Amino acid sequence: MRGVFITFEGCDGSGKSTQIKRVSGALRDRGIDVLVTREPGGTPFGEIVRSVLLDPNGPERTGLAEMLMYSAARAEIVSQVIRPALIQGRVVLSERFYDSTTVYQGYAGGIHIPDIEAINRISTGDLAPDLTFVLDLNDPQVFHARMRPKKKDKIESRSDEYHERVRQGYRDLALRYPERIHVIDASLTEDEVFQAVMSVISGFMDKARER
Ligand code: TMP
């Protein structure tokens, strides 16, 4: 069987890393071979792109240049890491993937969304996630409380309006791709979010086994 590709999306501070840690642990406990990765990053090239894009003192750039940089890092991780792992039958959990580009650079950043979707297809060679979880933080106060303790990176420092467009973008994508994208209320407890995510993953894997 080809592996399973699962992505975790959501605004900054929504709990993606915590859930990925828990989900990968739970799947490994079931004897499943899991690879965890993140974007931008996950390859030597991608980590350099990440440091350039997120450096709070880094250069300003056009939205188009930013979109192409994220996409370049994605082309690298898909061909070098994600696709080989899926061919080996592994379960790949990625913190962010191309929905982040559609939402941050498109819905929030103003780049024409059909253009982004075309680049998404090129940079991934048409690889789409099997399942995507959007951890949705609907309360801006929780967002700010979670952000306050740490130094904000270049994207996190953008305006509240930008982050609200990010959130709306994710909700819109979830309506467009209801089979793939599952929106989970990130203000629930960590355990509740974990249970909700695992129940979708288990259902997906049971169905895949029946096929
Ligand atoms: P994070 O890994 O800490 O979530 O930081 C990644 C930041 O980069 C986050 O603010 C979202 C942003 N981002 C984009 O703007 N576009 C993209 O395509 C990706 C993958 C991330």
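Begin the tour by selecting R90, which lies in the loop between helix 3 and strand 3. Helices (H or I, at least four residues) and strands (E, at least two) are DSSP runs, numbered from the N terminus. The model is a predicted one, in which local features need pLDDT of at least 70 and side-chain atom pairs count only at pLDDT 80 or more, while totals for chains, interfaces and linings use all residues. Residues are numbered from 1 along each chain as its sequence is written, and side-chain values use heavy atoms, with hydrogens and water left out.

**Stop 1: R90**

Is R90 buried or exposed? R90 counts as buried because its relative accessibility is 19%. Buried means under 20% relative accessible area, exposed over 50%, and partly exposed in between (1.4 Å probe, protein chains only). Display the neighbours of R90 next: leaving aside residues up to four places away in sequence, R90 touches G3, V4, D33, V34, L35 and A85. Here a contact means heavy atoms within 4.5 Å. A polar atom of the R90 side chain lies 3.5 Å from the backbone oxygen of V34. A polar contact is a pair of N or O atoms within 3.5 Å; within protein, one must be able to donate a hydrogen and the other to accept it, and residues adjacent in sequence count only if both atoms are side-chain atoms.

**Stop 2: F97 and its rings**

Now select F97, in the loop between strand 3 (91-95) and helix 4 (98-108). F97 counts as buried because its relative accessibility is 0%. Apart from residues up to four places away in sequence, F97 touches F5, T7, E9, E39, R74, V78, I82, T124, L127 and P129. One of these deserves a distance label: the C-alpha atoms of F97 and E9 are 7.6 Å apart in space, although the two residues are 88 apart in sequence.

The structure holds four aromatic pairs. Rings of Phe, Tyr and Trp (its six-membered ring) pair if their centres lie within 6.5 Å; planes under 30 degrees apart count as stacked, over 60 as edge-to-face and the rest as tilted. Show the rings of F5 and F97: their centres are 4.9 Å apart and their planes stand at 85°, so this pair is edge-to-face. The pair links distant parts of the chain, since F5 belongs to strand 1 (residues 4-10) and F97 is 92 residues away.

**Stop 3: helix 4**

Follow the chain into helix 4. Helix 4 is largely enclosed by the rest of the structure, because ten of its eleven residues are buried. Its buried residues include Y98, T101, Y104 and Q105. These buried residues of helix 4 pack against several elements, among them strand 1, helix 3 (63-87), helix 5 (113-124) and strand 4 (131-136). Just after helix 4, G110 takes a positive phi of about 90°.

**Stop 4: the ligand**

Select the ligand and the residues around it. Which residues are closest to the ligand? Of the 13 residues that surround it, the closest are D12, Y70, R96, T101 and Q105. A residue counts as near a molecule if one of its heavy atoms lies within 4 Å of it. An N or O atom in the D12 side chain is 3.0 Å from a ligand oxygen. A polar side-chain atom of R50 lies 3.1 Å from an oxygen atom of the ligand, and one of Q105 lies 2.8 Å from a ligand nitrogen. Taken alone, the ligand exposes 480 Å², and the protein buries 95% of that. Such areas come from the Shrake-Rupley method with a 1.4 Å probe; for residues, only the protein chains shown count as cover.

**Stop 5: backbone details**

Most residues other than glycine have a negative phi, and most peptide bonds are trans. Select R96, in the loop between strand 3 and helix 4; R96 has a positive phi of about 75° although it is not a glycine. Continue to E39 and P40, which are joined by a cis peptide bond with omega of about -10°. P40 is in the loop between strand 2 (34-38) and helix 2 (44-54).
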